[in-house]
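Please find below some notes on the structure, arranged as numbered points.

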Amino acid sequence: MGRDARGRGDIQGMNGKVPVILVERRERGERSLLHELKELALAAGYEVVGVVTQRRPPDPRFNLGAGKVRELAELVRRTGARKVIFFNELKPHQAYNLMKELGVEVTDRFYLILEIFAQRAGSTEAKLQIELARLKRDLSFIREWLRLAKLGELHGFMGGGEYAIDAYYKHVRRRIARIERTLAELRARKEVRWRVRAEEKGLYYVALTGYTGAGKTTLFNRLTGYNGYVDGRPFATLSTKMRRALIRGRPIILSDTVGFIDCLPPQLLDAFYTTLGEVALADLVLLVFDVSEPVGEVSRKLSASLSTLQSLGVSTSRLIAVANKVDLLSGEELEERLAVARRLGLDPIPISALKGSGIDRLEERIISSLPRYAVRRIRVGGRGVLRRLYENAYVRRVEVEDGQLVAVVEGKEEWLEAMARRCAAR
Ligand SMILES: Nc1nc2c(ncn2[C@@H]2O[C@H](COP(=O)(O)OP(=O)(O)O)[C@@H](O)[C@H]2O)c(=O)[nH]1
Ligand SMILES: [Mg+2]
């Protein structure tokens, strides 16, 4: 359980992605969240090769009924799936029984969400918060292994048996205690740290947010991918989902944040909020929502998104609502949903990230919502200056003047002033 985020070490499919099967068991009257589980699996980088659903109360041994497990085993064999991901939270012995029965790794939505958080986490605090949530859940698994080992029922699961598991248990307990201490220290210094990070960059920072499946990544790729900006590499110092983009010829930093998730397990709330914390640093937040969903869903998700953003300190003045997937609706249906957003105080821009419609208007709104950049000529004295300029601002060109290098740089005025002063002082 709880393996490396990118599935390193797995035998991978033809396209380099680990093939998985998704399972959802729900009781009569419960609504299905299988579509969200699918988006989560894709977001984590898996390929979904099969789906199994069952309507029944939980079975104590496997969660699913024994007949369904045989069906699932057959599907695993036929598709070559390397992993099975349950929507339902599995009890340790259920995961154990299922792994024995299926012969592949079995995990659940809890660990899947943790994998996604781990891929997006930018700060030390978020990374620790995620590790903590994982270790706490692991602990309940280890306790169960200990119980099984004492009963002599843990055949060939972990070499060394009871003694090894007990040592592991103690190790995890110590690690949890250490992380909790570090987090308490970090929290005490939080204000300072966030301010420093926000001022590190010379470009405006725009964050994409919204529910899983709304189309954030599709929009991120459209805004960063097609404009031919040569240096589209992720920022090594920031999270891996941040890139520079040229919007109407103006450079910005765009970030694809972790999405909102329905029915987030309560033990993951801290990890979620710290991972999403970088949104609070953004100069502008794009709230992407799937406008093709039923009116009630659009309304519920927008309200929930707004209250989450508010609790992070993002006001509607720093927010652009983006009504995505207009290609799936008639004009009338679209109007009905836009009206819902307007009643919540938003002025949404209708787009299709997939087809490319509405992107012009969105770009226009992004640029008009951000303050203007300054352009400065900075003498490149000293080592590393040019690299810093390239990394943190936008270098239009480099010239030679009186035998010295001069960079023409665009970016936030204060940042450029600070750089120019530092270079002049050399
Ligand atoms: N029809 C349609 N589908 C879209 C559009 N934008 C995204 N999608 C699809 O919606 C799904 C979720 O998109 P994704 O960008 O991964 O959402 P994210 O979870 O918010 O990052 C994918 O299957 C996309 O192809 C759109 O404008 N129109
Ligand atoms: Mg995404």
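1. A polar contact is here a pair of N or O atoms within 3.5 Å. By that criterion alanine 214 contacts ligand 1 through a polar backbone atom, which is 3.3 Å from an oxygen atom of the ligand. The model is a predicted one, and every distance in this note should be read accordingly.

2. Two further contacts to ligand 1 deserve mention. Lysine 325 places a polar side-chain atom 3.0 Å from an oxygen atom of the ligand. For alanine 353, a backbone N or O atom lies 3.0 Å from an oxygen atom of ligand 1. On its own, ligand 1 has 570 Å² of accessible area, of which the protein covers 78%.

3. What makes up the shell around ligand 1, by class? It has 7 polar, 5 nonpolar and 4 charged residues. In total 16 residues surround the ligand, and the closest are Gly213, Lys216, Thr217, Thr218 and Asp327. Helix α7 (residues 216–225) provides the largest share of this shell, with 3 residues.

4. Lysine 325 is located in the loop between β9 (319–324) and α10. Cysteine 263 is likewise a residue other than glycine with a positive phi, near 50 degrees; this cysteine belongs to the loop between β7 and α8.

5. The whole structure contains 7 aromatic pairs. One of them joins phenylalanine 117 and phenylalanine 272 in a tilted arrangement, with 6.1 Å centre to centre and 40 degrees between the planes. Phenylalanine 117 is part of helix α4 (residues 109–120) and phenylalanine 272 of helix α8 (residues 269–276), so the pair ties together parts that lie 155 residues apart in sequence. Both phenylalanine 117 and phenylalanine 272 are buried.

6. Tyrosine 211 and phenylalanine 260 form an edge-to-face pair, at 5.7 Å centre to centre and 75 degrees between the planes. Why does this pair tie together parts that are 49 residues apart in sequence? Because tyrosine 211 lies in the loop between β5 (205–210) and α7, whereas phenylalanine 260 lies in the loop between β7 (250–256) and α8. Tyrosine 211 counts as buried at 10% relative accessibility, and phenylalanine 260 counts as buried at 3%; the cut-off for that class is under 20%.

7. Ring pairs link Phe117, Tyr211, Phe260, Phe272 and Tyr273 into a cluster.

8. Is glutamate 333 buried or partly exposed? With a relative accessible area of 33%, glutamate 333 is partly exposed. The residue is found in helix α10 (residues 331–343), and its side chain reaches the backbone nitrogen of serine 330 at 2.8 Å. Glutamate 333 and valine 291 are 42 residues apart along the chain, and their C-alpha atoms are separated by 9.2 Å.

Definitions and conventions: Residues numbered from 1 in each chain as written. Chains lettered and ligands numbered in written order. Predicted model: local features only at pLDDT ≥ 70, side-chain atom pairs only at ≥ 80, totals over all residues. Heavy atoms only, no water. Near = heavy atom within 4 Å. Polar contact = N/O pair within 3.5 Å; in protein donor to acceptor, adjacent residues only side chain to side chain. Areas by Shrake-Rupley, 256 points an atom, 1.4 Å probe, with all protein chains shown as cover. Helix = DSSP H or I, 4+ residues; strand = E, 2+ residues; numbered from the N terminus. Nonpolar A, V, L, I, M, F, W, Y, C, P; charged D, E, K, R; others polar. Phe/Tyr/Trp six-rings, centres within 6.5 Å; stacked < 30°, edge-to-face > 60°. Buried < 20%, exposed > 50% of the residue type's maximum accessible area, 1.4 Å probe, protein only.
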